[in-house]
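Please look over the sequence and the model shown here before reading on.

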Amino acid sequence: KSLNAIAEARGQSMAQMALAWVLSHKEVTSALIGASRPSQIEDAVGALKNVKFSKSELAKINAVLKS
């Protein structure tokens, strides 16, 4: 399963899921985004609507990252 499919199943864009994944780590206190348009900032803020990952989602993400 691709990362895009996992993001879609979560109701997020790929960028939103990536940002949510970074923010889900306790060690991370902030994340910088490289937005050059207001729409990119709005998309990034949308990541905050779903920052929790199930064990199944994390397993799928890790499987894709390892391949």
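## Overall fold

This is a predicted model, and its chain holds four helices and zero strands. Followed along the sequence, these elements give the pattern α-α-α-α. The radius of gyration is 12 Å, close to the 11 Å that the globule rule gives for 67 residues, so the chain is as compact as a globular protein of that length. Taken along the principal axes, the box filled by the C-alpha atoms is roughly 30 × 25 × 20 Å.

Where contacts join residues at least 6 apart in sequence, 64% of them link residues that are at least 24 apart.

## Surface and charge

Of the 67 residues in the chain, 22% count as buried. The accessible surface of the chain amounts to about 4,900 Å², and carbon and sulfur atoms account for 58% of that area.

As for charge, the chain carries 9 positive and 5 negative side chains, and the centres of these two sets are 8 Å apart.

## Helix α2 and what covers it

Helix α2 spans residues 14-23, and its buried residues are Gln16, Met17, Leu19 and Ala20. When the helix is viewed down its axis, these buried residues fall within an arc of 165°, so they line one face of α2. The cover over the buried residues of α2 includes α1 (3-9), α3 (38-46) and α4 (55-66).

Alanine 18 also has its place in helix α2.

## Residues of helix α4

Helix α4, which covers residues 55-66, includes alanine 59, lysine 60 and asparagine 62. With a relative accessibility of 46%, alanine 59 counts as partly exposed. Lysine 60 is partly exposed at a relative accessible area of 34%, and asparagine 62 counts as partly exposed at 38% relative accessibility.

Alanine 59 and alanine 18 are 41 residues apart in sequence, and their C-alpha atoms are 15 Å apart. For asparagine 62 and glutamine 12, the separation is 50 residues in sequence and 18 Å in space, again from C-alpha to C-alpha.

Notes:
Residues are numbered from 1 along each chain as its sequence is written. This is a predicted model: local features need pLDDT of at least 70, side-chain atom pairs count only at pLDDT 80 or more; totals for chains, interfaces and linings use all residues. Side-chain values use heavy atoms; hydrogens and water are left out. Helices (H or I, at least four residues) and strands (E, at least two) are DSSP runs, numbered from the N terminus. The radius of gyration is taken over C-alpha atoms; the globule rule is 2.2 Å times the number of residues to the power 0.38. Buried means under 20% relative accessible area, exposed over 50%, partly exposed in between (1.4 Å probe, protein chains only). Contact means heavy atoms within 4.5 Å. Accessible areas come from the Shrake-Rupley method with a 1.4 Å probe; for residues, only the protein chains shown count as cover. Lys and Arg count as positive and Asp and Glu as negative; His and the chain ends are not counted. The place of a charge is taken as NZ of Lys, CZ of Arg, CG of Asp or CD of Glu. The arc is that of the directions from the helix axis to the C-beta atoms.
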